[in-house]
Amino acid sequence: MTISTARLARRRATDVVFKIFCVVVTALALIALAAILWSLLTKGIGGLNLDVFTRSTPAPGSRGGLANAIVGSIAMCVLAMVMALTVGLLAGTWLAEYGGRSAYGGVIRFLNDVLLSAPSILVGLFVYEILVAPFHSFSGLAGAVALAMLAVPVIVRTTEDVLLLQAATLREAGVALGAPLSFVIRTILWRSAQSSLLTGALLAFARISGETAPLLFTALNNQFFSLDLRHPTANLPVVIFNFALSAYDDWRRLAWAGALLIAGTVLAVTVVARIVAQEQRRS
Amino acid sequence: MRRPRPRGALVALVFEWVCCGAATLLLVALGWLLVSLVVGGWPALHKFGFGFLTTATWNPVTEVYGAAGPIVGTLVTAALALIISLPIAGGVAFFLTELCPAPLRRPIGTAVELLAGIPSIVYGMWGLFVFAPLFSQYVQLPMMTAAAPDSLLEKLTTGIPNGSGILSASIILAIMILPFMAATLRELLLTVPAAVRESAYGLGATTAEVVMSVTLPYVRTGAIGAVMLGLGRALGETMAVTFIIGNSHRFPKSLFDSGSTIASTIANEFTEASTPMHTAALVALGLVLFVITFIVLGLARLMLRNQVAKA
């Protein structure tokens, strides 16, 4: 009897220690992450003003903003998303509707999963080797291709998951009316899944909009406003990287403002994606 | 006479082939990536042979390249980040699935998932400008003064106490992979059937016992997969590390010593590489990183898939 109460006491003590540990580390984690957001907000807000959106990146000490970098980033991200959506939607559809159960489909799915978390700097190296070195020029186009390579796996994954969730009766109903499977996919399945597909696209966009490493040696940077993606193109992440590591206070302020812009965009896009997904679940 | 094929059948066939082509593009991209890294890095690999992996001289002036410093830096920072991050991520996941009051569950869970999406450059900047000064003042200096001469602690803490270095980089990496691992672990724990958990409680098990002997073993394979996915991220992370590791190619001698990782070396030097051999050496470094992460990520995915198949 005494032994079993002692044992019970020990078990209870372990349990209390375990619970305290869980609560403490959760608090610690939330504090650390809140601290990051807090410094981002306090240091970034100070640098945000109209100049940031209307003027190009300055020389140290002179007046300027991030307009060229913002526009360059948007142009590259949009181009990357167009490429990634085309390839990703078709590849995801193939995995879900055609070859997903074959051995080849298994290989493709595995490679996609690996690409999903592959180091982004390797994608940068690869695009440098195939699009920058042969043409002897950094270009926004190369940057967009690198970003697209990072977005494709996300879109493939969500497209496949979403299409597999669509009711089998939808497909059967379409095929029973005499429509070929490809017609059913394009006019019925894609349409019924469109808001989930949108969620996937938004998540992919959030993923690439803050990527820095693959742009360092593909898009490089450009001090001037330009929409010509055949040449080096200014973009927010690389400008932030260069300015943050510089010795000038005004450059660092701009870097924080840029970081706040990027993080804000990513968070906003993610939140919208979640809302879209929830609407879908409700309807 | 055979009936001619309807036009729609041709469209259907073309559509299927286009889809299959898009899927094949993934295979082509990954294969081409590997080939281009091998081809680009070949001059360095050919010249230095196996010594490329085992020597630590990295000298662009004399054109001698040995990658042991960055390779060890990559492995050490990723391992340390995992050691720091794993218990915390586990604690957060257990808290969210077992202990957290119901009204807080969704907000905290959502916050953790949102934070997993913050770009790594933000973590890097925070590390350099906010974390490093505090770390230098409250951790590095006290530890260095507390270390007795010739003790193990002294060996581990030699270096310049400026807040950057191997340990700082590991901590920033740990903070960065924490939300990701916590969110994945939480999702896995939520797949444990309620009946399994409730029967354990019904037998009189405490919360600690339920987690440690019932729910965690239930998702064991998947949990290992999630951890390795986190490790894969830490291995390949560029921006969070580049800011704070100190960027020297020496073999790191202590926790506070400055070092470099494969990714940070490539990020710092690639656009400034002046000779073909320097570029080749950096691409060869990329190849090493590719091989390491491919193995880790491949294993992680296989484990996660088995878990999903079981659930």
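A: Contact here means heavy atoms within 4.5 Å. Keep in mind that this is a predicted model, one that scores ipTM 0.89 and pTM 0.90.

Let's start with the helix pair. In chain A, helix α6 (residues 140-165) packs against helix α9 (residues 194-209) at an angle of about 155°, and their axes are 9 Å apart. Angles over 145 degrees count as roughly antiparallel, so that is what α6(A) is to α9(A). As for handedness, the two cross in a right-handed way.

So who does the touching? On the α6(A) side you'll find A:L147, A:L150, A:A151, A:V154, A:I155, A:T158, A:T159 and A:V162, while α9(A) brings A:S196, A:L197, A:G200, A:A204, A:R207 and A:I208. Sorted by class, that contact has nine nonpolar residues, four polar ones and one charged one.

Now for the single residue. A:L95 belongs to helix α3 (residues 67-98) of chain A. It counts as buried because its relative accessibility is 3%, and the cut-off for buried is under 20%. Leaving aside residues up to four places away in sequence, A:L95 touches A:G100, A:G105, A:I108, A:R109, A:V156 and A:E160. Two of the residues it touches, A:V156 and A:E160, fall within the residues 140-165 of α6(A), which brings us back to the helix we began with. By contrast, A:R252 sits 157 residues from A:L95 along the chain, and their C-alpha atoms are separated by 46 Å.

Key
Residues numbered from 1 in each chain as written. Chains lettered and ligands numbered in written order. Predicted model: local features only at pLDDT ≥ 70, side-chain atom pairs only at ≥ 80, totals over all residues. Heavy atoms only, no water. Axes fitted to C-alpha atoms, helices over the stretch in contact; angles between N-to-C directions. Helix = DSSP H or I, 4+ residues; strand = E, 2+ residues; numbered from the N terminus. Parallel < 35°, antiparallel > 145°, perpendicular 65-115°, else oblique. Left-handed = near helix turned anticlockwise from the far one by under 90°. Nonpolar A, V, L, I, M, F, W, Y, C, P; charged D, E, K, R; others polar. Buried < 20%, exposed > 50% of the residue type's maximum accessible area, 1.4 Å probe, protein only.
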